Amino acid sequence: MPALHNKTNADAIAEFVAGTTYDALPEDVLNAARFCLVDWFGVALGAAPEPAVAAIKRVVNGWSTSGRAPILLDGEGSPAAAGLVNGTMARSEASCRERV
């Protein structure tokens with residue numbers, strides 16, 4: 001009897017992603033992905049002047065880290081800094097208010 005392998009959800013997703021090619025994706029999926037990317041970028045750019053974004057940028061500048069991860073409208077930084085700044089921009093209160 002063969003040994004049972006309990007695949008985790010993470011393993012299943014990783015296997016699916018690794019085995020998927022761009023050409024295999026339906027056009028409506030590609031269009032939805034493009035829309036989401038443009039929407040995210042627009043929301044993030046719109047939040048750039050928000051006080052919360054300025055505060056987060058001051059915090060990450062105090063970390064004195066370096067890296068090549070892009071920080072929207074502010075050069076590059078460590079992956080952690082870029083993730084925090086870009087994520088804050090994408091989820092700012094003002095941008096969420098505008099979407100309601």
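How many helices and strands does the chain have? The chain has five helices and two strands, where helices (H or I, at least four residues) and strands (E, at least two) are DSSP runs numbered from the N terminus.

## Overview

This is a predicted model, in which local features need pLDDT of at least 70 and side-chain atom pairs count only at pLDDT 80 or more, while totals for chains, interfaces and linings use all residues. Residues are numbered from 1 along each chain as its sequence is written, and side-chain values use heavy atoms, with hydrogens and water left out.

Starting at the N terminus, the order of elements is α-α-α-β-β-α-α. Of the 100 residues in the chain, 23% are buried; buried means under 20% relative accessible area, exposed means over 50%, and partly exposed lies in between (1.4 Å probe, protein chains only). Taking contacts between residues at least 6 apart in sequence, 42% join residues at least 24 apart, with contact meaning heavy atoms within 4.5 Å.

Let us look at H3 next. Helix H3 covers residues 51-62, 12 residues in total, and reaches 17 Å from its first C-alpha to its last. That is close to the 16 Å expected at 1.5 Å a residue, the expected span being 1.5 Å times one less than the number of residues.

Which residues of H3 are buried? They are Val53, Ile56, Lys57 and Val60. These residues cover an arc of only 105 degrees around the axis, which puts them on the same side of H3; the arc is that of the directions from the helix axis to the C-beta atoms. As a reminder, an α-helix has 3.6 residues a turn, so residues three or four places apart point the same way. Pro51, Arg58 and Gly62 are exposed on the face of H3 turned away from its buried side. Helix H4 (79-90) is included in what covers the buried residues of H3.

The axes of H3 and H4 come within 9 Å and cross at roughly 175 degrees. Here axes are lines fitted to C-alpha atoms, for helices over the stretch in contact, and angles run from 0 to 180 degrees between N-to-C directions. H3 and H4 are therefore roughly antiparallel; angles under 35 degrees count as roughly parallel, over 145 as roughly antiparallel, 65 to 115 as roughly perpendicular and the rest as oblique. On the H3 side, Ala52, Val53, Ile56, Lys57 and Val60 meet Ala81, Leu84, Val85, Thr88 and Met89 of H4. By class, this contact of H3 with H4 has eight nonpolar, one polar and one charged residues. Ala, Val, Leu, Ile, Met, Phe, Trp, Tyr, Cys and Pro count as nonpolar, Asp, Glu, Lys and Arg as charged, and the others, Gly among them, as polar.

Helix H2 (residues 27-46) also packs with H4, at an angle of about 95 degrees and with the axes 7 Å apart. H2 and H4 are therefore roughly perpendicular to each other. Trp40, Val43 and Ala44 in H2 meet Asn86, Met89 and Ala90 in H4. The contact of H2 with H4 divides into five nonpolar, one polar and no charged residues.

Most residues other than glycine have a negative phi. Ser64 sits in the loop between H3 and strand E1 (69-70), and at 65% relative accessibility it counts as exposed.

Leu73 likewise is not a glycine, and has a positive phi of about 60 degrees. Leu73 is found in the loop between E1 and strand E2 (76-77). Is Leu73 buried or exposed? At 59% relative accessibility, Leu73 counts as exposed.
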